[in-house]
Amino acid sequence: MKQRILPVIIIVLLCSGALAQTNAHVAFVFNFPDLPADTSVYMTGGIEQLGNWNPGKVKMDYQGNHTWTKAITINVPASVEYKYTLGTWEREGANADGRPLANLEAKISKDTTIKDSVLFWTKGGRQRVNQGQITGTVKYHRAMKGAGIADRDVIVWLPPSYETETGTRYPVLYMHDGQNIFDPATSSFGVDWSIDETADRLIKTRAIRPLIVVGIYNTSDRMQDYTPGDKGTAYMNFVVDKVKRFIDSTYRTMPDREHTMVGGSSAGGLISFMLTWEHPDVFSKAICMSPAFKLRDIDYVKVVRETKEKKDVFLYIDNGGVGLESQLQPGIDEMVAVLKAKGYKEGKDFVFISDPAAKHFEADWAKRFPHALTLTLDQK
């Protein structure tokens with residue numbers, strides 16, 4: 001009799017969903033009475049299922065009665081940030097004064113339906129959160145080509161003394177997501193990192209030595225470019241063999257590894273770590289803000305764990321605590337533990353800084369950037 005009961009119990013548990021669920025079905029329902037029925041409405045967000053912040057990739061389905069829907073399946077638990085657009089960042093959900101809405105956030109642990117509505121849309125362009133033009137001198141280099149990756153622009157910020165002290169050479173910081181770091185008008189979310197204002201202020205107050213900052217724009221292939229794989233390797237080769245060589249031949253740089261740094265956030269933080277780890281002869285320091293070391297099918301912790309030789313590098317690592325930041329933290333904790341186990345000294349070879357109230361957003365990275373830059377640039 002007992003032998004019969006056990007299988008029945010197991011079947012009941014399986015059918016009732018009592019065992020741990022790893023996936024959840026999420027239905028987004030969007031209603032806007034003033035939109036015509038033939039309007040193309042899109043969702044975008046920080047996960048592949050929502051296009052990795054490509055505003056015109058994930059189209060919603062019109063259901064009639066001014067209602068659009070989109071169903072996705074994701075791993076749970078998860079915190080998903082997302083927005084609604086009409087296909088471009090020129091037309092995204094806005095508040096009454098025309099400013100883009102903050103990211104919406106959904107914490108998902110099971111199958112669920114999420115209902116939203118947007119009353120206004122940006123019209124023909126993002127309004128700047130930071131007023132005024134770029135601080136300092138920038139140079140644009142358009143549509144630079146790299147093997148195996150899409151063409152992209154490169155923007156170069158020059159320090160205040162560059163034109164007057166013609167005999168001086170400068171360290172260089174290479175930054176990913178280049179359209180987001182200087183100018184809110186080109187930033188994906190209407191908010192930039194204010195790196196131009198930060199560097200200008202720190203240089204003029206003698207808090208840091210003057211440096212050149214190079215911003216490498218992203219493309220719609222951002223996640224593939226910034227993570228392990230063929231495109232990630234192609235992107236790293238582009239940075240090392242094309243961008244850096246061009247910058248060193250065009251500007252008065254200090255081209256040696258000791259004066260060459262790289263930085264970024266999220267997947268940009270990961271590729272910054274990867275560039276320094278895999279090309280320590282080129283980059284000696286990395287700023288890795290909210291890095292996606294281990295998330296879903298990404299696991300760069302394993303690569304570091306299996307690396308035998310010790311790298312002569314300095315790694316600045318930080319993270320917030322809200323939304324996606326909380327999902328990144330386990331991978332960061334694991335990376336920090338692996339670095340320590342391999343003999344890297346905290347405070348000397350790397351630092352980790354936690355900002356529990358910070359979100360996964362440009363404004364939060366901008367707040368932490370002055371300390372990150374000062375700390376990293378000072379390392380010998």
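**View 1. Helix 4 and helix 5 pack against each other at an angle of about 70°.** Helix 4 covers residues 230-250 and helix 5 covers residues 267-278, and their axes lie 11 Å apart; each axis is a line fitted to C-alpha atoms over the stretch in contact, and angles run from 0 to 180 degrees between N-to-C directions. Helix 4 is therefore roughly perpendicular to helix 5, on a scale where angles under 35 degrees count as roughly parallel, over 145 as roughly antiparallel, 65 to 115 as roughly perpendicular and the rest as oblique. The crossing of helix 4 past helix 5 is right-handed, a term used if the near helix is turned clockwise from the far one by less than a right angle, whereas anticlockwise is left-handed. From helix 4, Gly 232, Tyr 235, Met 236, Val 239 and Val 240 meet Ile 271, Met 274, Leu 275 and Glu 278 of helix 5, with contact meaning heavy atoms within 4.5 Å. The residues of this contact divide into seven nonpolar, one polar and one charged; Ala, Val, Leu, Ile, Met, Phe, Trp, Tyr, Cys and Pro count as nonpolar, Asp, Glu, Lys and Arg as charged, and the others, Gly among them, as polar.

This is a predicted model, in which local features need pLDDT of at least 70 and side-chain atom pairs count only at pLDDT 80 or more, while totals for chains, interfaces and linings use all residues. Residues are numbered from 1 along each chain as its sequence is written, and side-chain values use heavy atoms, with hydrogens and water left out. Helices (H or I, at least four residues) and strands (E, at least two) are DSSP runs numbered from the N terminus.

**View 2. Helix 2 and helix 8 pack at an angle of about 50°.** The axes of helix 2 (residues 195-204) and helix 8 (residues 362-378) are 10 Å apart, and the angle makes helix 2 oblique to helix 8. Helix 2 passes helix 8 in a right-handed crossing. Ile 195, Thr 198, Arg 201 and Leu 202 of helix 2 make the contact with Phe 369, Pro 370, Leu 373 and Thr 374 of helix 8. Sorted by class, the contact of helix 2 with helix 8 has five nonpolar, two polar and one charged residues.

**View 3. Four strands form an open sheet in the order 3-2-6-8, with antiparallel pairing.** Strand 3 (58-59) and strand 8 (104-108) are the edge strands, each pairing on one side only; two strands pair if DSSP finds at least two bridges between them. Strand 2 (residues 42-45) is joined to strand 3 by two bridges, and Tyr 42 stands opposite Lys 59 in strand 3. Four bridges join strand 2 to strand 6 (residues 78-85), where Tyr 84 is the bridge partner of Met 43. Tyr 42 and Thr 44 point one way from strand 2, Met 43 and Gly 45 point the other way, and all are buried, meaning under 20% relative accessible area, with exposed over 50% and partly exposed in between (1.4 Å probe, protein chains only).

**View 4. The loop between strand 5 (67-75) and strand 6 contains Pro 77.** The peptide bond from Val 76 to Pro 77 is cis, with omega near 0°.

**View 5. Trp 53 and Ser 290 have positive phi values.** Trp 53, in the loop between strand 2 and strand 3, has a phi of about 65° although it is not a glycine. Ser 290, in the loop between strand 16 (285-289) and strand 17 (294-295), has a phi near 50°. Ser 290 counts as buried because its relative accessibility is 0%.
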